[in-house]
Amino acid sequence: MHRTLLAAAAIGFAAAPTQADDRPNLLLIVADDLGYADLACYGATDTQTPHLDRLAAGGVTFTNFYANCCVCSPTRASLLTGRYPQRAGVPGVVRVFGNQNFGYLDPTAETLPDRLNTAGYDTALIGKWHLGYRAPNLPLERGFDVFRGWTSGMSAEFVVHRRHGERFLFDGTEPIDKDGVHLTELFTEWSQEYLADRAGDDDPFFLMLCHMAPHKPIEPPAEFVARVKGRHPDLSAKRAEYIAFVEHLDDAIGRTLTTLEQTGLAEDTLVVFVSDNGGLLGAGADNGPLRDGKGSMYEGGLKVPCIASRPGSLPAGAVSDATLLTMDLVPTFCAAASVDATPDGGVAIDGEDFSAVFAGEDFARSARSLYWVRRERWGGVPPSGKIYGPIEAVRSGDWKLTRSNPQAPFELYDLAADPGETTDLARERRDVVDRLRRELVHHAHESGRFPWQRPPAEEWRTEYAPTGTPMP
């Protein structure tokens, strides 16, 4: 990993540009279930990710970046609104089956593409959506000018585009068939086409490229698996296939970045890469020294890789330990675009602009507490095989209060001394436990002003999913 600390000189867009022509294009690339330690630039020794490594070498690597939730939909709601997930109406996974659905994106919430549209940005979503299946919560109704992608959480296969026997692949508002084409390849091709189209346009753009890899099913092309097994013959089959899936994703992202360069757009584009939550251990992900993984409120479920780069504007090869959340990208992108993140009459967002990090200023010890909530849990807990209830966490300074089992007591960790969350200090520090529990209750009360909504029953399937169908 790069070890160069951020320089103190003012770099980048710490001050909002005054000329509209100076506003950068914005390219946000989102991976799905990527492990914290699954990139070479984040310490992986068995994975080769040259394209994301190059992005990191030319920009800022964040070592203390958190997803807004340990699963997909809530984080994506925060990524679009700048709000905590429950204040955006999505405290759990948005699902096709109404009686298994735990979120409905607030129709009144102003999204990032909404805000950027007001400033003349062209906005596009390519790839995974997972925030609604019906009006008014489809991408073209939530601020995007272009949508080519997948509305559900996952596909049964990456080359046969179905889930529950239905099509969720769309070009605009029309469901389409592209069976036989790997979804990672398809999203990459679409991103390249979009960038080529934008090359001759004077207006800036916001492209949100949401890959579905390395979310299960783990289905890398055979040549990538052979390459990994050739380098590491002693790896387990599960880990080798997962690494191949990550390397295939890196290769695809490299082609998107190459197109950005070839079209002459690279120097005018702020690129941010991030994962939506921690890696799924059962799929072969590696979260390094962090405890647990996707679906958990331990660090392995929440801390994610994040890289930002803009040639000539951001420091190259820098590392920041600023404590940040996914929702912070909304005001940061708005600052880059000279857009007011809290318009008159609008609901104040929860995210904080971290442009100062690009100027070498300290954001790591912001006074705010950070909160995580998931209003559902599916897991193998006897005797029923699954339990339901909220799981939650709060971080204040270096203290973190957490529970990943709604039937278990809270646990307390000092992340500065114990980043792997190995020693529960709840008994020794009841004062800290009591204080942080009060903060969680207050956060729940504040979030209750924006309750998650369930869509009309006729717009959703009401039967339960077939036995054995995996949840997104």
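A charge sits over a ring if NZ of Lys or CZ of Arg is within 6 Å of the ring centre and within 35 degrees of the ring normal. Arg 291 does it over Tyr 298, at 3.8 Å.

A word on the source. This is a predicted model: local features need pLDDT of at least 70, side-chain atom pairs count only at pLDDT 80 or more, and totals for chains, interfaces and linings use all residues. Residues are numbered from 1 along each chain as its sequence is written, and side-chain values use heavy atoms, leaving out hydrogens and water.

Now ring pairs. Rings of Phe, Tyr and Trp (its six-membered ring) pair if their centres lie within 6.5 Å; planes under 30 degrees apart are stacked, over 60 edge-to-face, the rest tilted. That rule gives 16 aromatic pairs. Take Phe 354 and Phe 358: centres 5.8 Å apart, planes at 65°, so edge-to-face. Phe 354 is buried (under 20% relative accessible area), at 1%. Phe 358 is buried too, at 2%.

On to the cores. A nonpolar core is a set of buried Ala, Val, Leu, Ile, Met, Phe, Trp, Tyr and Cys residues joined through side-chain atoms within 4.5 Å. The largest has 97 residues. Which members touch the most others? Leu 28, Phe 62, Phe 206 and Phe 273. A second, separate core has 28 residues, including Tyr 84 and Tyr 413.

Last, Phe 206. Beyond four places in sequence, its contacts (heavy atoms within 4.5 Å) include Leu 26, Leu 28, Asp 122 and Phe 333.

Notes
Buried means under 20% relative accessible area, exposed over 50%, partly exposed in between (1.4 Å probe, protein chains only).
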